[in-house]
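Hi everyone, thanks for making the time. Let me put the structure up, and then we can walk through it together.

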Amino acid sequence: MLKGKNIILGVTGSIAAYKAAYLIRGLVKRGAKVQVVITPAGKEFITPLTLSTLSGAPVISEFFSNRDGTWNSHVDLGLWADAMLIAPATAATIGKMANGIADNMLITTYLSCKAPVFVAPAMDLDMFAHPSTQQNLERLRGFGNRIIEPAEGELASHLTGKGRMEEPENIIRILEHFFKEKEDLQKKKIVITAGPTYEKIDPVRFIGNYSSGKMGFALAKVCAERGAEVILIAGPVAELISHPNITRVDVESADQMYEAAMATFPDANAAILCAAVADYKPIHPREEKIKREVSGELSLQLTPNKDIAASLGAIKKDNQFLVGFALETNNEEVHAIDKLKRKNLDFIVLNSLREKGAGFRYDTNKISVIDKDGAVSHYPLKTKQEVASDIVDKLATLLL
Ligand code: CTP
């Protein structure tokens with residue numbers, strides 16, 4: 001489960017810092033790549049040399065490298081990681097994390113990290129029990145961080161109680177379990193359409209729409225991270241994506257998107273139709289640029305595009321699932337249910353343009369999901385990445 005995973009291990013100034021050596025050994029043995037970030041106090045308890053020898057990579061501690069003045073980019077590190085584990089985490093580090101006090105490399109890395117964060121506290125029993133520590137931990141939980149509860153036992157102070165960092169092998173087991181659960185879509189193939197389509201008027205003009213592709217790309221990322229093989233059929237968008245499980249097929253027009261979807265869906269387990277496909281295309285796109293007429297109006301004759309969702313719905317087998325989207329401005333649920341039925345979808349994700357922060361070009365979205373049987377679930381306003389996880393959770397229940 002940990003093979004090929006990139007793990008940032010944050011080490012802080014606790015007597016339990018020596019256990020970081022066992023953590024690195026266990027993680028590396030299971031095929032993970034470990035990058036250690038240590039606080040200045042952490043270096044008092046274990047040497048960077050020990051940690052870098054075990055991890056096979058220089059330990060990062062300072063913002064700048066003393067020798068040549070190069071900058072250690074916490075941003076790059078935060079993006080590189082599949083998980084960040086802070087073990088041991090002292091009360092001071094937990095307090096800084098809870099309040100965004102970015103005065104060392106570990107905290108800046110934590111603030112830049114997009115991956116799940118695990119925190120294994122280590123401290124004296126009274127420090128752990130103090131309302132300040134407990135409140136800070138509660139805040140971290142609220143941020144979505146996972147707290148690995150300390151065990152009861154003898155502490156460095158020779159007192160006995162709760163505060164001893166969880167044993168390295170148990171921490172590794174928690175990480176393994178997390179990645180195993182996360183990969184629930186392994187061996188599933190999912191086709192995703194994303195972005196707008198451009199329908200050519202002449203060599204320099206098109207009919208298009210404001211879709212950014214963000215929602216479809218977020219869905220592709222979540223599916224790929226959960227182990228699915230993803231075919232991402234993207235209209236013209238500025239979004240970038242890179243994941244070994246994702247094959248990106250760039251298209252421009254609705255016809256090209258239709259061909260790509262029809263070719264890839266038959267051996268897929270599911271398709272998520274997130275693209276804002278242009279409903280119409282010019283019947284006769286011009287070979288040459290249309291010149292501005294001296295006077296008079298210009299008429300374009302349009303013909304409807306093929307409905308990709310409905311075409312996939314028509315060939316869908318019992319063991320295949322289709323998810324559609326509906327962006328509505330009025331009578332939202334009625335229109336969405338009509339689309340669900342017309343296109344033979346298994347569920348439809350409804351965003352209303354009336355909701356603030358939902359729809360095209362926003363980084364957030366507010367959705368409702370409507371089932372085949374008409375059951376409606378409403379979700380709060382979330383980032384598109386979080387919304388993607390909710391949608392994939394729902395799809396996963398059908399696929400498993
Ligand atoms: N869709 C599609 N192919 C099309 C049009 C729509 O695959 N040619 C998909 C969209 O990706 C979305 C769902 O169908 O998942 C609903 O799209 P929408 O544009 O809301 O529906 P339309 O059928 O085009 O209805 P209308 O424009 O009248 O609201």
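Let's begin at the ligand: a backbone N or O atom of Phe325 lies 2.8 Å from one of the ligand's oxygen atoms. I'm counting that as a polar contact, meaning a pair of N or O atoms within 3.5 Å. Before I go on, this is a predicted model, where local features need pLDDT of at least 70 and side-chain atom pairs count only at pLDDT 80 or more, while totals for chains, interfaces and linings use all residues. Residues are numbered from 1 along each chain as its sequence is written, and side-chain values use heavy atoms, with hydrogens and water left out.

Back to the ligand. With Ile308, a backbone N or O atom sits 3.0 Å from a ligand nitrogen. In total, 13 residues surround the ligand, and the closest are Leu273, Ala275, Phe325, Lys339 and Lys343.

Now for the helix packing. Two packed helices are described by the angle between their axes and the distance between the axes. The axes are lines fitted to C-alpha atoms over the stretch in contact, with angles from 0 to 180 degrees between N-to-C directions. Helices (H or I, at least four residues) and strands (E, at least two) are DSSP runs, numbered from the N terminus.

Helix 1, residues 19–29, packs against helix 8, residues 168–182, at about 45° with the axes 9 Å apart. The two helices are therefore oblique to each other; under 35 degrees would be roughly parallel, over 145 roughly antiparallel, 65 to 115 roughly perpendicular, and the rest is oblique. The crossing of helix 1 and helix 8 is right-handed, that is, the near helix is turned clockwise from the far one by less than a right angle. In contact, meaning heavy atoms within 4.5 Å, are Lys19, Tyr22, Leu23, Gly26 and Leu27 of helix 1 with Pro168, Ile171, Ile172 and Leu175 of helix 8. By class, that contact has 7 nonpolar, 1 polar and 1 charged residues. Ala, Val, Leu, Ile, Met, Phe, Trp, Tyr, Cys and Pro count as nonpolar, Asp, Glu, Lys and Arg as charged, and the others, Gly among them, as polar.

Next, helix 9 (residues 214–225) and helix 13 (residues 384–399): their axes come within 8 Å and cross at roughly 55°. That makes helix 9 oblique to helix 13, and their crossing is right-handed. The residues of this contact divide into 9 nonpolar, 2 polar and 3 charged.

Helix 4 (residues 91–99) and helix 5 (residues 105–112) pack at about 40°, with axes 10 Å apart. They cross in a right-handed sense, and Thr93, Lys96 and Met97 of helix 4 meet Leu106, Ile107 and Tyr110 of helix 5.

Last, two backbone details. Most residues other than glycine have a negative phi, and most peptide bonds are trans. The peptide bond from Ala87 to Pro88 is cis, with omega near 0°, and Pro88 lies in strand 3, residues 83–89. Lys187 is not a glycine, yet has a positive phi of about 70°; Lys187 is in the loop between helix 8 and strand 8 (189–194).

Key:
A residue is near a molecule or strand if one of its heavy atoms lies within 4 Å of it. A polar contact is a pair of N or O atoms within 3.5 Å; within protein, one must be able to donate a hydrogen and the other to accept it, and residues adjacent in sequence count only if both atoms are side-chain atoms.
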